[in-house]
Amino acid sequence: MRWEDFRRSDNVEDRRGSGGFGGGGGRIPGGRGGLGIGGLIIVGLIAWATGINPALLIGGAEILMGGGSGQSQQQQTQPQTTSRSAPQDQLGQFASAVLAQTEDVWTEIFKQQGKTYKDPGMVLFSGSTRSGCGAAQSAMGPFYCPLDQKVYLDLSFFQEMKTRFRASGDFAAAYVIAHEVGHHVENQIGLLSKVQERQRQVSRAEANQLSVRVELMADCLAGVWANHADARFKILEDGDIEEALNAASAIGDDRLQKQSQGYAVPDSFTHGTSAQRVSWFKRGLQSGSLQQCNTFGNGNL
């Protein structure tokens with residue numbers, strides 16, 4: 001993936017080194033820049049991929065569980081106050097460049113529809129930090145918090161993608177970032193609040209199905225970003241699309257459950273099957289259209 005010559009986002013807070021796993025240096029795992037950083041966060045990878053921690057979806061366990069209170073959400077809107085600092089290492093700059101490309105792409109798409117896109121923030125951390133949705137830990141994996149409109153990311157996650165699920169490459173990492181930004185797009189168009197309200201009214205199985213639709217839409221939106229980013233910036237190199245498709249396939253609910261327990265339980269799926277995740281990413285990539293990503297208007301996922 002070509003990214004080195006592109007601008008870096010001004011919306012990145014680098015909190016690494018303030019605790020947790022420590023240092024923030026590193027190179028893109030399996031990418032064309034060399035080997036990745038160390039640090040094992042196996043639990044975090046599985047949590048992100050399977051939805052074990054519902055906070056990854058739209059900012060709070062009470063959403064998926066159908067409970068919670070206004071008081072808990074109000075308390076969660078007190079994020080850690082940290083001065084913004086630009087990352088200096090290669091992997092941090094990569095994340096900043098990808099975020100900048102999503103900003104440029106979604107700003108233009110929203111403008112074409114007569115709307116204004118508000119850029120999300122990105123917090124790079126090591127080990128743990130605070131978010132507008134409460135505590136953020138590496139074990140949660142990458143997630144988007146709609147309450148402060150920021151993506152939270154421990155960059156050692158990308159090394160674990162490579163070593164545990166063999167989902168390596170810079171574009172596989174870019175797909176993860178674009179997927180989380182996809183949740184921000186969903187938030188911008190008012191979808192997440194509607195899903196949250198509906199999840200509180202239905203059974204666990206039905207709430208899980210709503211989660212699947214939200215996640216597959218984010219996969220599709222990641223594909224839309226890739227389509228426009230390549231048309232505008234020529235970012236794609238040979239093998240990049242295969243890297244993203246491999247990552248999407250590796251983290252399907254059915255594949256992960258079969259690997260961990262020998263069988264799949266569809267009612268417990270929260271992110272979609274491998275085939276669904278690949279299909280919706282490809283749909284966004286091929287169409288380049290936000291309208292083609294309406295998983296809620298599609299009976300068959």
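How many residues apart in helix 5 are tryptophan 106 and phenylalanine 110, and about how many helical turns separate them? The legends below describe close-up views of a predicted model, starting with that pair.

**View 1. Tryptophan 106 and phenylalanine 110 in helix 5.** The two residues are four residues apart in helix 5, which means that about one helical turn separates them. By the rule for ring pairs, the count comes to eight aromatic pairs. Tryptophan 106 and phenylalanine 110 form an edge-to-face pair, with 6.4 Å centre to centre and 90 degrees between the planes. Both tryptophan 106 and phenylalanine 110 are buried. Ring pairs also link Trp106, Phe110 and Tyr117 into a cluster.

**View 2. Phenylalanine 157 and phenylalanine 158.** These two residues form an aromatic pair that is edge-to-face, at 6.0 Å centre to centre and with 70 degrees between the planes. Phenylalanine 157 has a relative accessible area of 1% and is therefore buried. Phenylalanine 158, at 2% relative accessibility, also counts as buried.

**View 3. Helix 5 and the glycine that follows.** Helix 5 covers residues 90-112, 23 residues in total. From its first C-alpha to its last it reaches 33 Å, close to the 33 Å expected at 1.5 Å a residue. Glycine 114 follows helix 5 and has a positive phi, near 75 degrees.

**View 4. Helix 7 and the glycine that follows.** Helix 7 is made of 19 residues (residues 170-188), which should span 27 Å at 1.5 Å a residue. The end C-alpha atoms of helix 7 are 27 Å apart, in agreement with that value. Because 17 of its 19 residues are buried, helix 7 is largely enclosed by the rest of the structure. Glycine 190 follows helix 7, and its phi is positive, near 85 degrees.

**View 5. The hairpin of strand 3 and strand 4.** Strand 3 (residues 128-131) and strand 4 (residues 134-137) run antiparallel and are joined by four bridges. The two strands form a hairpin with two residues between them. Arginine 130 has alanine 135, in strand 4, as its bridge partner.

View 6. Glutamine 149 is in the loop between strand 5 (143-145) and strand 6 (150-153). Its phi is near 60 degrees, a positive value in a residue other than glycine. At 21% relative accessibility, glutamine 149 counts as partly exposed. Lysine 234 lies in the loop between helix 9 (204-233) and helix 10 (240-250). The phi of lysine 234 is positive, near 55 degrees. Lysine 234 counts as exposed, at 52% relative accessibility.

Methods:
Residues are numbered from 1 along each chain as its sequence is written. This is a predicted model: local features need pLDDT of at least 70, side-chain atom pairs count only at pLDDT 80 or more; totals for chains, interfaces and linings use all residues. Side-chain values use heavy atoms; hydrogens and water are left out. The expected span of a helix is 1.5 Å times one less than its number of residues. Buried means under 20% relative accessible area, exposed over 50%, partly exposed in between (1.4 Å probe, protein chains only). Two strands pair if DSSP finds at least two bridges between them. Rings of Phe, Tyr and Trp (its six-membered ring) pair if their centres lie within 6.5 Å; planes under 30 degrees apart count as stacked, over 60 as edge-to-face and the rest as tilted.
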